[in-house]
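Here is a short briefing to read alongside the model. Please keep the viewer open as you go through the points.

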Amino acid sequence: MFAKVHSMGLLGVDGFLIQVEADLSQGLPGFDVVGLPGAAVRESRDRVRASLKNCGFDYPVSRITVNLAPADVRKEGSVYDLPLLLALLKASGQLTAGLEDSAFLGELSLTGEIRPVRGVLPMVIAARDAGLRRVFIPAANAAEGAVVEGVEVYPCGTVPELLEHLAGRTPLPRAVPDPEGEGADAVPDFADVMGQAAARRALEVAAAGSHNILLIGPPGSGKSMLAKRLPSILPDMTPEEALETTKIHSVAGVLPGGTGLLRSRPFRAPHHNISAPGLAGGGSLPRPGEVSLAHHGVLFLDELPEFSRQSMEALRQPLEDGKVTISRVSASLSYPCSFMLVAAMNPCPCGYYGHPSRSCVCSPQAVRQYLSRISGPLLDRIDLHVEVPPVEYGQLAARQPGEASASIRERVNAARLKQRERFAGTEIACNACIPAGKLSEYCPLSNEAQVLMKNAFERLGLSARSYDRLLKVARTIADLENSKRIEAAHVAEAVQYRGLDRKYWGAGR
């Protein structure tokens, strides 16, 4: 006896169709799973056996062979428990309902409860694209699956509930999307920041064009405080950005329970002891790293020189390409990672190099060694280098609140609107993503700006990459000033954000 049930698998951040084929034949009782199953898939035999028994069904005493097709793609995870159980029931004649237009996802407990699995959102999308009409998912993944339009999604709590629905006796309610999605967490406001006008302006420019930024200053100057308030001035995600970000979090298994679409931009702040695979993605079973979890959001690296050299160098390809590729013997997977890098660091090991009132105790050699932990190629990929000086007593004592995030965000949204209009019909999302071949088209310079740019290029010894990034920053500053053309003042401000690498690193390189 033979039966076939549809399920779904994951390849990177995309789902694909899996056929769970069960064959019951004569011979010594046994249970074999073929089709490149991983350890969790092989262990599903015991979960399925216990679930069948505890739900009141007969376990087939036969030679059982289960094939997961396509057989040349490795299958991982516990998502195949539920379709495997249904295939056995169908093959043994204990289930007669038609399953041809349905897909089933879910892990089983020993008592027949259907537990949540990761990657439901991309798998439901793939089921819809494959032409299936219905998808049955764990009840805990209901909000996630309900996001997808064009397919009927049914959340199930237990195997008996599912079988009652398939038999037509007790229909399951369809999953209904939450129109509000995930509510944004409370984000600290820029009004709490005293002083630091230059750093606040730089973060506004970075948010308006999605530029990478490095904050350098002594301990207690407010670098982390400023970085943690950056999400409060970032523009809202578009529906496409929200869907892409939610898919990655779903595949990684970090999507909060009961969440449909993520509405607030992610802010990821890994500790400096993170490994290179943890940061960029990888592992024996490749998973998205922090750079992908920060897709369309912010990756904050505090105390940048404390990260391992291998971890920092792993950022170079993601920063340049907007995606990270993980190659293994079985497959090569690509995860999107278009993110804003915000890094913070002290100017030396003790933190007081260049401090106006405290003496640095580090030797010149110690300072050079500390700064040399950050390579030139990585520094070159950071658009804005900003010094964050210590706050003066008068600014703290006055307790005058700074400009609120809401008003800054209005200017950022206005600048992003100009960019969306400028790049309409292209794949360019923001100024930071302008390809080199389109800079002359999107970044026209006035005559005075061209002279200033030429002088800055020659005197600062900029690389071609630095020149391109400087031009993109100037384009963003012009957008904030509602200027169609880049003027000399815009270039001058952008050049100011490229001076600290010469101040701190110039002598040591």
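Contact here means heavy atoms within 4.5 Å. With that in hand, E320 is in contact with R381, R465 and R469, leaving aside its neighbours within four places in sequence. This is a predicted model, in which local features need pLDDT of at least 70 and side-chain atom pairs count only at pLDDT 80 or more, while totals for chains, interfaces and linings use all residues. Residues are numbered from 1 along each chain as its sequence is written, and side-chain values use heavy atoms, with hydrogens and water left out.

**Overall picture**

- The protein has 22 helices and 18 strands; helices (H or I, at least four residues) and strands (E, at least two) are DSSP runs, numbered from the N terminus.
- The C-alpha trace spans about 85 × 50 × 45 Å along its principal axes.
- Of the 509 residues in the protein, 51% are buried, where buried means under 20% relative accessible area, exposed over 50% and partly exposed in between (1.4 Å probe, protein chains only).
- Among contacts between residues at least 6 apart in sequence, 73% join residues at least 24 apart.

**E320**

- E320 is found in helix α13, and a relative accessible area of 39% makes this residue partly exposed.

- Because 10 of its 14 residues are buried, α9 is largely enclosed by the rest of the structure.
- The buried residues of α9 include E241, K247 and H249.
- H249 lies in this helix, which covers residues 239–252, and counts as buried because its relative accessibility is 6%.
- Beyond its neighbours within four places in sequence, H249 is in contact with V254, L255, L262, P266 and L293.
- Just after α9, G253 takes a positive phi of about 75 degrees.

- Helix α7 (residues 197–209) has 13 residues and reaches 19 Å from its first C-alpha to its last, close to the 18 Å expected at 1.5 Å a residue.
- This helix is mostly covered, with 10 of its 13 residues buried; among them are R200, E204 and G209.
- S210 follows α7 and sits in the loop between α7 and β10 (213–216).
- Although S210 is not a glycine, its phi is positive, at about 60 degrees; the residue is buried, with a relative accessible area of 18%.

**The largest pocket**

- The volume of the largest pocket is about 1200 Å³.
- On a 1 Å grid over the protein atoms alone, a cavity is a set of points where a 1.4 Å probe fits but cannot get out, whereas a pocket is an open set with protein on both sides within 12 Å along at least five of seven lines; lining residues have an atom within 4 Å of a point.
- Grid points are joined across faces, edges and corners, and the volume is the space filled by probe spheres set on the points.
- The lining of the largest pocket has 43 residues, of which S338, E427, A429, C430 and C433 lie nearest its centre.
- Elements giving two or more residues to this lining are α9, α13 (316–321), α17 (405–422) and α20 (464–480).
- The lining divides into 17 nonpolar, 10 polar and 16 charged residues; Ala, Val, Leu, Ile, Met, Phe, Trp, Tyr, Cys and Pro count as nonpolar, Asp, Glu, Lys and Arg as charged, and the others, Gly among them, as polar.

**Nonpolar cores**

- The largest nonpolar core has 59 residues, of which V66, L86, L88, F104, V124 and L166 touch the most other members; a core is a set of buried Ala, Val, Leu, Ile, Met, Phe, Trp, Tyr and Cys residues joined through side-chain atoms within 4.5 Å.
- Helix α3 (residues 81–91) gives the most to this core, with eight residues.
- A second, separate core of 50 residues includes A207, V412, I428 and V473.

**Loop details**

- A cis peptide bond, with omega about 5 degrees, joins A69 and P70, and P70 is in the loop between β4 and α3.
- S78 is found in the loop between β4 (63–69) and α3 and is buried, with a relative accessible area of 14%.

Notes:
The expected span of a helix is 1.5 Å times one less than its number of residues.
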